[in-house]
Structures are given as C-alpha cells and as structure tokens.
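Here is a short briefing on one protein chain. Please keep the sequence and the structure in view while reading.

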Amino acid sequence: MRAETQNIADEIKQSLALLRRHLDWDSARKRLDELNAKAEDPDLWNDPEKAQALMRERTRLDESINAYLSLETAYSDNLELIELGEAEGDESIVKEAEAALKAAREEARKAEIETLLAGEADRNDAYVEVHAGAGGTESQDWASMLLRMYTRWAERKGYKVELMERHDGEEAGIKSATIVVKGHNAFGWLKTESGVHRLVRISPYDSNARRHTSFSSVWVYPVVDDTIDIDVKESDCRIDTFRSSGAGSQHVNTTDSAVRITHIPTGIVVACQNERSQHKNRATAWNMLRARLYELELEKREAQANAEAASKTDIGWGHQIRSYVLQPYQMVKDLRTGVVSPSPSEVLDGDLDEFMAAALAARVKGGVEAVEDID
C-alpha cells in the first residue's frame, strides 16, 4: 500500500476511534433501542412536547450511529479492495478504492466536527449581534458587510435568518443589528465568531483613496427554549420604547413599537423592532434577554469565558480575532488558529466553515492561542 494511502487510512481509523468514544457506542445503541420502543407507543403523542423531544433525540442518535457505520464500512471495504487489487495487479481497482478512501476521509473530518458540537446549547438557534466600532461611516459600512457575511453563511447551511433589529448609519452601513439564525447546531457553529473583526481596505468614502482600518464586533448567544428556566426580575430591568428605524420609509413605524430592555445588574441591553406590534416586540425582547443571561451562565462554566466575551471589550486594536485585508493584498487570517484564506471575497460571501471548525477544535483541545496579525 502506498504511503499516502496508508496515511489516509490511519486518519480514518483515528476518526472512527474518536467517534466511537464520543458516541459511547454501547450506551448509544441501547438508548436508540429504548427510543424506538417508545416511538411505537400509541400514547406517546398525548404529550406532543415530550413526543417531539423524544423524536428529535431519536433522529440525532440514529443519524450519528448510521454515519459511524457507513464510515466503518467504507474504511474496511476499500482497504480490502486495495489489497485485492494489489494482489491481482489490477491498478484500476486500487485507484478506485483509493479515491473512495479519500472521500471517506472527508466524511470522517465532517463527522469529527459534528462531535465538537456537543455543548449544552450547541444545537440551539442563535442570535448574532453586530456593532460598528469607532470610525463613523467606515466602521458602519464594515458592520453591514459582516451582517451580510453571516446571513450568506446561514443561507449556505440551509438555515433561516430573521432580522430582529437594525440601526442604520447616517450615510451608509449600520450602527448595530441583531439577527436570529435558525437551524440545527446554529449556535454551535457560530459561537466562536464572537469578537472583534478588523478590515483593511482602500476606503470607498475617501476621495484621496487612502487605506483605512475599521473594526466591528460580533456577539453570538443561544436562543433558549421553554425547558430552560431563567429567572429575570422585572424590577431589575428598565424598559424603553422607541420608534423603529430601517432602510427606507416603508420599514419605519409611526408609533413607538420598538422595545429596548436593559438588565441593570449585568448591563445587558437587548432590543427588538421587527414586529409592528409593541406587545410582540416586548415578548421577543424578553426572550432575547433570557438568552443573553443564559449565555452568561454558560460563560461562567468555561475557563476561556472572558476571552470569548470579546464584544464587551474595546472594538479596536489588540482585541481582534480575525483580520480581513483587501488592500494592498488579499488575505483573511484568524488570529486564534492561524487559519488563512487568500480569497476575502469568498469569505465575505459566507465561506466560513474552515475558520469555525478550526476554532471549535482549538477550544476542545485546550483553548485558542493568539498568533501574529497581518498588516
């Protein structure tokens, strides 16, 4: 067997061992049998909420087990084909099996990433807040580019995106915006994006065509469901109403329907203006506040919580997690993992999985380490 092929086979074997440990194989098979038996109970749907939770667990477990079995079969079958082809001197069989092994390695890598999404709230939907830093129109335009980037990433993943609130800049871009990304493992994927993002480019707003550096921050937190009890005292909160704003007069309400809630003990502020009804905006804002407080509790359980809460630091030099350089060369570099892309246009169009996967892996292996920034 060729050395390259042996290395690929070894990678798949290591992935299989990791996946089996993560699944706790014997317990997972036993649990799936239990869930299958419960799913056949005609009284199951007497409690729809409980039934839906059971079916979701059953689907996730079934998919994980089948993915492992499929990978295991691809590994063993193609190794046998390579041995057979080499014994019979049939190079076509060997090449076909080697190509199949390479494909299996890619599936194994994807499956490994899925094992990283095992946090308490990783499967939940996610709120994504974008805030422009100091710098006026430049930073506000950069914030709108980031908002588009995460929207495009979500669309690539087949997720749904809803705009919760948006405050436009005076000339261009946005001062801030919040979206909710809905889909399986949305928070798990997005959680490592919290931090300050730096852009270097020739400014389209500078008549002298000078190079500018802009900063905007991103803050990600999970949408919490009704099964998670977060106690929020109304006496600890200040509730303000204001007139909604948006990109164009057709999106602007003539009444004070938008709602902003400030949680005084923590200083957390949430706002919602996507509904015309103040009552609906208020309910959504309360849910957003509960989610933020829940994320705060999750942070306390993680050793790197302070580093992760980058949106609470200055939006400027020394705090960025990723740099996007458009001039005088093209590069995006993550300052925690060292992952680099030579195509900022693709990254800004939502091609973020490589950056997210590396940051997830770094967290699991013991935290992220700062690397040298780019000019």
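Strand 1 and strand 5 (residues 211–222) are paired antiparallel, through seven bridges. Pairing here requires at least two DSSP bridges between two strands. The model is predicted: local features need pLDDT of at least 70, side-chain atom pairs count only at pLDDT 80 or more, and totals for chains, interfaces and linings use all residues. Residues are numbered from 1 along each chain as its sequence is written, and side-chain values use heavy atoms, with hydrogens and water left out.

**Strand 1 and its partners**
- Helices (H or I, at least four residues) and strands (E, at least two) are DSSP runs, numbered from the N terminus.
- In strand 5, S217 lies opposite H131.
- Strand 1 also runs antiparallel to strand 3 (residues 174–182), with six bridges between them.
- V181 in strand 3 is the bridge partner of A126.
- Strand 1 covers residues 126–132, and six of its seven residues are buried.
- Buried means under 20% relative accessible area, exposed over 50%, and partly exposed in between (1.4 Å probe, protein chains only).

**The open sheet 6-7-8**
- Three strands form an open sheet in the order 6-7-8, with antiparallel pairing.
- Strand 6 (237–242) and strand 8 (268–272) are the edges, each pairing on one side only.
- From one strand to the next, the twist averages 15 degrees.
- Strand 6 and strand 7 (residues 258–263) run antiparallel and share six bridges.
- A258 in strand 7 stands opposite F242.

**Helix 7**
- Helix 7 (residues 278–300) packs on this sheet and touches strand 6, strand 7 and strand 8.
- Contact means heavy atoms within 4.5 Å.
- The direction of helix 7 makes about 145 degrees with that of strand 8.
- Axes are lines fitted to C-alpha atoms, for helices over the stretch in contact, and angles run from 0 to 180 degrees between N-to-C directions.
- At 1.5 Å a residue, the 23 residues of helix 7 should span 33 Å, which agrees with the 33 Å between its end C-alpha atoms.
- That expected span is 1.5 Å times one less than the number of residues.
- At the helix 7 start, a side-chain oxygen of S277 comes within 3.2 Å of the backbone nitrogen of H279.

**Whole chain**
- The protein chain has ten helices and eleven strands.
- Of its 375 residues, 45% are buried.
- Among contacts with a separation of 6 or more, 66% link residues 24 or more positions apart.
- The accessible surface is about 19400 Å², and 46% of that belongs to carbon and sulfur atoms.
- Accessible areas come from the Shrake-Rupley method with a 1.4 Å probe; for residues, only the protein chains shown count as cover.

Definitions and conventions. Polar contact = N/O pair within 3.5 Å; in protein donor to acceptor, adjacent residues only side chain to side chain.
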